[in-house]
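Let's take a look at the charged pairs in this one. Have the sequence and the model open side by side as you read.

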Amino acid sequence: MKMIFALFLAVILTGCATVETSDVGGRRMVVVSNSGWYLFNLIPIASGNPEKVNKVSCSLFSETATLENNYKILDDIIKSSGAKSVKSLKSFWSDESVLVILMKRHVIHTTAELVFDEDGEKK
């Protein structure tokens, strides 16, 4: 029983939405990741909370690990950083099976380069 509770707790705490940025070579790159755990690959158990990015927070029994939510998070980053747009926008999915077919973790990744004014100013 303790093992099942520990597994359930780990699943809930790992459904998260994160943002990572990098300023290398004069470019600001952004990676948005949003993950969700699913029972039998269909029933959402826990997904990242797009309203609380980079926090230990999840949405229980709702499917918030979507491409649309990744784009909303990216849009918030564009506005808060002062960028005018993005380029090299790419999205991809990765899946991990846990306990064979019982549970699956889906992660949606979105990457982009932030584009600033012509003078290259980052706000």
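Is Lys-79 buried or exposed? Lys-79 is exposed, with a relative accessible area of 60%; here buried means under 20% relative accessible area, exposed over 50%, and partly exposed in between, using a 1.4 Å probe and protein chains only.

A quick word on ground rules: this is a predicted model, where local features need pLDDT of at least 70, side-chain atom pairs count only at pLDDT 80 or more, and totals for chains, interfaces and linings use all residues. Residues are numbered from 1 along each chain as its sequence is written, and side-chain values use heavy atoms, with hydrogens and water left out.

Searching the whole structure turns up 5 salt bridges, each being a side-chain nitrogen of Lys or Arg within 4 Å of a carboxyl oxygen of Asp or Glu. Among them are these:

| Salt bridge | Closest N and O atoms |
|---|---|
| Arg-28 with Asp-23 | 3.0 Å |
| Asp-75 with Lys-79 | 3.2 Å |
| Glu-96 with Arg-105 | 3.5 Å |

Asp-75 and Lys-79 sit 4 residues apart in helix H2 (residues 67-81), so about one helical turn separates them; helices are DSSP runs of H or I, at least four residues, numbered from the N terminus. Asp-75 is partly exposed, at 34% relative accessibility.

Now for the Arg-28 pair. Arg-28 is buried, at 16% relative accessibility, whereas Asp-23 is partly exposed, with a relative accessible area of 48%. As for Glu-96, which pairs with Arg-105, its relative accessible area of 39% makes Glu-96 partly exposed.

Note on methods:
Helix = DSSP H or I, 4+ residues; strand = E, 2+ residues; numbered from the N terminus.
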